[in-house]
Amino acid sequence: MSLAQARRVALAAQGLHRPRPFGSPGGAARAGAPTMRHVQGVIDRLGLLQIDSVNVLARAHLMPLYARIGPYDTGLLDRAAGRAPRRLVETWAHVASYVPPSTWPLLEWRRRRYRTEAWGSISSVEMSHSAAVEDVRRLVTERGPVTASEVHAILEAEGRSHPRDMSRWGWNWTVAKRALEFLFFTGEVTSTRRNAAFERCYDLTDRVLPPAVLALPPVADADAVRALLEIGARAHGVGTLRCFKDYFRIGGPGVRTALAELVDAGTLRPVAVRGWDEPTYLHADAVLPRHATATTLLNPFDPVVFERTRLERLFGVRYRIEIYVPAAKRVHGYYVLPFLEDGDITARVDLKADRRDGVLRVLSAHREQAAGTATAGRLAAELRVLGAWLGVPDVDVAPSGDLAPDLSAAVRGAG
C-alpha cells in the first residue's frame, strides 16, 4: 500500500473519510438533526471515548462525535452514559474513558491488577486506610450515587474527617477521595453519570452495568487482551502493533502472542506500507475508499491523534499537547486542534470558547505542509459551524501563526 492509501484506510475506519452527515461546510445538507442512532454508530466504530477534565473548548469526549456527525445535542451522549439502558460506561481503558458495557468484562484483568499496580497513593489506601475504605464503601452502598464532595460532607457530619495530605506534589487528594478512586479503579464502584460540574457520581457497579453484562462469565486474561487488541486494530484499520496496543494501553508479552493469533485467524493480515518502516497489519474489516473528502477539526484526545508516532508516520505531522508546557515555551498553543482536509492534516489552530463574550477565539493558526490555497476558507467555514454548536458564534482570529492573516480575512469574508 502507498502511504496515501493507508491514510484513507485509517480515516475510513474512524468514519472520517467522507463529509459529516450534519453541518459539513460545503457538503450536502441533511434535514433534521443527529439522533441516538448516529451516536451509537460512532460508539460502535470507535470503541471508546477518552475523558479529560480540560474544558477550554469542549469536554474531550464530546468532540469525536462532533467531528464525525456534526453539531449534535450533547444530551444524547449524557443519556448514553447516564441512563439505562446504558450504551457507555466509564472505566480506565485508553486512560479515563467511556466504553460500551460489553467491553467492561474485557478489562477485568486490569482492574484486578490495580490493587497492586495503580498509582501508589491509590493502591496503598486499602492497607494503610482500611477503615476509610470501609466508610466509603458503606456510604456508596447506602446512599449512592454520590460525588466525592458529598462523601466528604457526610463523613464530616459523622465526625469522620479525612483531611488532605499537603506534603506531596500532585492532586493532594483526601483519604476519602483516594478510597473512592481505589474502589473505582478496581471496579467495585463506577460512575453512574457526571453532574453539571463534571464530578463523577459513584455507585456500586452492580447497580450501573446492564444485567446482561453482569451475567457474562469471566473472560480469560489472554482472551481479553486479544479482544482488546482486535478492537484497537479494527478502529485503526491499518497500523502497527504499537498503534493497536496503545488504543487500550495494553502491554506485556501477551500482546505479541495475541497479535500472532489474530494473524493466524485471518483477522489481521501483514501489509507493506511504503514509507512506514515497521511491520504493519490490515484488519479484515478495513476498506479502502477511492477518496477522502471530510473536512473537520480533531481535538487533542481524538483516536486519530492518540498515538503520536502513528500520526507522524501517516500524516507527516509532529503533534504534541502543550497544555503542560510553560506558556512562553509553547510552539503552537495551549489547546491545539489539527484540521483534517480531504485526507490530509493541513493546519492546526489553538482554540478557546469564550462563553462570556460569545466568541470562539483562535489564539493561533499554523499551516501544515499539506495546506493549499483553499485551506483558510475551508477552515473559516468549519470554525463558524463549531462556534455555533458551542454557543460562541463569533470567531476572532489573533495575529499569531503563519495562517492567521489568511484565516482572519476568510473569517471576515464569511461574516
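**Note on the cysteines, core and strands**

1. Cysteine 243 counts as buried, at 1% relative accessibility. The model is a predicted one. Cysteine 201 has a relative accessible area of 5% and is likewise buried, because buried means under 20% relative accessible area.

2. The structure holds 0 disulfides. A disulfide is a covalent bond between the sulfur atoms of two cysteines.

3. The largest nonpolar core has 134 residues. Those that touch the most other members are Leu57, Phe248, Leu351, Leu386 and Leu407.

4. Leaving aside residues up to four places away in sequence, leucine 407 touches Val349, Val362, Ala365, Ala376, Leu379, Ala380, Leu383 and Val397.

5. Strand 3 covers residues 96–99.

6. Strand 2, residues 89–92, runs antiparallel to strand 3 and is joined to strand 3 by 4 bridges. Tryptophan 92 has alanine 96 of strand 3 as its bridge partner. The link between strand 2 and strand 3 is a hairpin of 3 residues.

7. Strand 1, residues 49–50, also pairs with strand 3, in the antiparallel sense and over 2 bridges. Here glutamine 50 stands opposite serine 97. Strand 3 therefore pairs with strand 1 over 2 bridges and with strand 2 over 4 bridges, given that two strands pair if there are at least two bridges between them.

How values were computed. Residues numbered from 1 in each chain as written. Predicted model: local features only at pLDDT ≥ 70, side-chain atom pairs only at ≥ 80, totals over all residues. Heavy atoms only, no water. Disulfide = S-S within 2.5 Å. Buried < 20%, exposed > 50% of the residue type's maximum accessible area, 1.4 Å probe, protein only. Core = buried A, V, L, I, M, F, W, Y, C linked by side-chain atoms within 4.5 Å. Contact = heavy atoms within 4.5 Å.
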